[in-house]
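This report describes the fold and the ligand surroundings of one protein. Please keep the sequence and the three-dimensional view at hand while reading.

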Amino acid sequence: MKDAIIVGFGLAGFHCALELQKHKKDFLIITNEREGASKNAGGVFNPTVLKRYTMSWRGEEFFDQAISTYSFFEEKYNINVFQKIPIIYYFNQLSNHNDWTVASNRKGLDRFLSPLINTDANKGINDNFGYAKLQNVGKLDISKTLEGFKKKLDSNSFSQKEFDYGELKFINNKIEYKNVKARYIVFCEGFQLKRNPWFSYLPLEGSKGEFLHIRSKVLSQKKIIKAGLFIVPIEKDLFWVGANFDRKDKTSKPTKSGKDWILVKLKSFLDSPFEVVDHKAAIRPTVKDRRPLLGAHPKQKNLYIFNGLGSRGVLMGPLLAKWMYKFVFEKKKLYPELAIDRFETYFSNPKNIDV
Ligand SMILES: Cc1cc2nc3c(=O)[nH]c(=O)nc-3n(C[C@H](O)[C@H](O)[C@H](O)COP(=O)(O)OP(=O)(O)OC[C@H]3O[C@@H](n4cnc5c(N)ncnc54)[C@H](O)[C@@H]3O)c2cc1C
């Protein structure tokens with residue numbers, strides 16, 4: 001018998017499985033062919049909220065665990081997936097200089113916001129209001145991480161199939177799925193949670209993001225740029241550029257308006273030729289109150305959910321997985337801010353909810 005079946009293999013499923021593996025638990029991952037959010041994300045890893053020059057919710061805790069988990073993974077799997085490179089933050093008005101300086105002196109933020117403000121010009125770039133550096137941050141190669149992990153699993157631990165909800169049976173407090181018996185099942189489905197018959201009552205809103213891959217000869221591979229949008233180095237002269245936030249359109253189809261939005265922002269910053277080589281879109285699993293969704297089904301106690309990673313899956317995945325493990329296997333309580341119990345009324349009275 002398996003300890004757990006994990007449905008979905010994006011960042012949530014990966015961290016869930018890695019945590020189980022650390023505790024020598026046996027699992028089966030079932031995931032379909034769709035890319036989901038993780039394989040389309042920029043991979044940026046940053047605990048601060050740049051829009052407000054503040055720390056994100058429990059940002060430092062998430063940061064420390066993420067560094068430890070990705071280092072552990074790199075060493076154990078003999079793979080290089082995490083790159084510590086700065087984010088160069090371009091100001092869009094001079095008055096931001098003062099806010100930045102104040103924030104960079106604040107305890108906690110001083111670890112990340114370098115106080116120095118630069119105003120020297122860069123070739124091929126419009127930096128009218130100067131820029132500053134975010135340090136101790138970086139990026140994760142998410143696809144390489146997922147592929148590296150998957151490659152070392154045997155066929156009893158990984159199945160590339162659509163999960164069929166109708167085939168799940170509950171027998172004597174255990175579950176059975178197509179002849180596989182398990183103690184628990186954890187749904188890590190990202191935005192596809194919407195199709196899940198047990199957890200679709202939860203207010204996962206979703207936020208579509210479109211992005212481009214571009215080729216540029218002037219941008220550097222040694223830094224991430226934040227200039228209205230993110231420009232993230234991939235390899236040689238290839239860069240990930242994005243992304244917008246669209247809460248209305250829930251499809252993963254790239255649109256002309258999305259592309260135009262990115263191009264306008266990019267052209268106002270990049271004053272040199274570039275070539276667009278790809279344009280894609282995916283949906284971030286964002287929640288109404290912007291907190292993750294962790295917990296057990298209100299009635300079927302061996303059904304679990306690990307979702308709601310929003311736009312910070314790289315940062316939050318590792319510590320959330322640790323908390324999830326303790327919740328499932330050690331019966332420790334979850335923080336109320338992220339436990340799905342906070343949406344109990346959505347379960348008991350779904351008709352009254354305006355999501
Ligand atoms: C454009 C964009 C840019 C982003 N940039 C960043 C960034 O720079 N940094 C950052 O930290 N985060 C970023 N994010 C957010 C990040 O991608 C998410 O937080 C994270 O990837 C969510 O992971 P997940 O595993 O919950 O969902 P997903 O990655 O969507 O994974 C779920 C997987 O489960 C599969 N699945 C679902 N249901 C079933 C089923 N019934 N049967 C079988 N398989 C199933 C899906 O096909 C999918 O492959 C970005 C997101 C987007 C869209």
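## Residues with positive phi

Lysine 331 counts as exposed because 7 other C-beta atoms lie within 10 Å, and a residue is called exposed if that number is 12 or fewer. Lysine 331 belongs to the loop between helix 6 and helix 7 (344–348). Its phi is near 55 degrees, a positive value in a residue other than glycine. The model under discussion is a predicted one.

Asparagine 172 likewise has a positive phi, of about 45 degrees, although it is not a glycine. This asparagine is placed in the loop between strand 12 (168–171) and strand 13. Asparagine 172 has 6 C-beta neighbours inside 10 Å and therefore counts as exposed.

## Domains and the ligand shell

How is the protein divided? There are domain 1 (2–40 + 143–200 + 288–352) and domain 2 (207–279). The centres of domain 1 and domain 2, taken over C-alpha atoms, are separated by 30 Å.

The ligand is surrounded by 42 residues, and the closest of them are Gly8, Gly10, Gly36, Gly190 and Gly313. Two or more residues of this shell come from each of helix 1 (11–22), strand 2 (27–31), strand 15 (207–216), strand 19 (274–284) and helix 6 (313–329). Domain 1 and domain 2 each contribute at least three residues to the shell around the ligand. Sorted by class, the shell contains 19 nonpolar, 18 polar and 5 charged residues.

## Strand 14 and its partners

Which strands are joined to strand 14 by bridges? Strand 1 (residues 2–7) runs parallel to strand 14 (residues 180–187) and is joined to it by 5 bridges. In this pair, lysine 2 stands opposite alanine 182. Strand 21 (residues 303–307) also runs parallel to strand 14, with 3 bridges between them; here valine 186 stands opposite tyrosine 304.

The bridge partner of isoleucine 175 is alanine 182 in strand 14. Strand 13 and strand 14 form a hairpin with 2 residues between them, and lysine 178 in the turn has a positive phi of about 45 degrees.

Another part of the model is an open sheet of 8 strands in the order 8-9-7-16-17-18-15-19, with mixed pairing. Strand 8 (113–118) and strand 19 stand at the edges with a single partner strand each, so one side of each has no neighbour in the sheet. On average, neighbouring strands of this sheet are turned by 25 degrees against each other, direction ignored. Within the sheet, strand 7 (residues 87–90) and strand 9 (residues 131–134) run antiparallel and are joined by 4 bridges; tyrosine 89 has alanine 132 in strand 9 as its bridge partner.

Helix 3 (residues 96–104) packs on the sheet and touches strand 8 and strand 9, its direction making about 150 degrees with that of strand 8. Helix 5 (residues 256–269) also packs on the sheet, touching strand 7, strand 15, strand 16 (224–227), strand 17 (229–235), strand 18 (238–242) and strand 19. The direction of helix 5 makes about 50 degrees with that of strand 15. Serine 268 lies in helix 5 and counts as partly exposed because it has 13 C-beta neighbours inside 10 Å. In the loop between strand 18 and helix 5 is alanine 243, which is joined to glycine 242 by a cis peptide bond with omega of about -5 degrees.

An open sheet of 3 strands has the order 3-10-6, and its pairing is antiparallel. Strand 3 (44–45) and strand 6 (82–83) are the edge strands, each pairing on one side only. Strand 6 is joined to strand 10 (residues 138–140) by 2 bridges, and phenylalanine 82 stands opposite leucine 140 in strand 10.

## Tryptophan 198

Apart from its neighbours within four places in sequence, tryptophan 198 is in contact with His297, Gln300 and Leu303. Tyrosine 165 is 33 residues from tryptophan 198 along the chain, and their C-alpha atoms are separated by 9.3 Å.

Note on methods: Residues are numbered from 1 along each chain as its sequence is written. This is a predicted model: local features need pLDDT of at least 70, side-chain atom pairs count only at pLDDT 80 or more; totals for chains, interfaces and linings use all residues. A residue is near a molecule or strand if its C-beta atom, placed from the backbone, lies within 6 Å of it. Ala, Val, Leu, Ile, Met, Phe, Trp, Tyr, Cys and Pro count as nonpolar, Asp, Glu, Lys and Arg as charged, and the others, Gly among them, as polar. Domain bounds come from an automatic or database domain assignment. Two strands pair if DSSP finds at least two bridges between them. Axes are lines fitted to C-alpha atoms, for helices over the stretch in contact, and angles run from 0 to 180 degrees between N-to-C directions. Two residues are in contact if their C-beta atoms, placed from the backbone, lie within 7 Å. A residue is buried if 20 or more other C-beta atoms lie within 10 Å of its own, exposed if 12 or fewer, and partly exposed in between; C-beta atoms are placed from the backbone.
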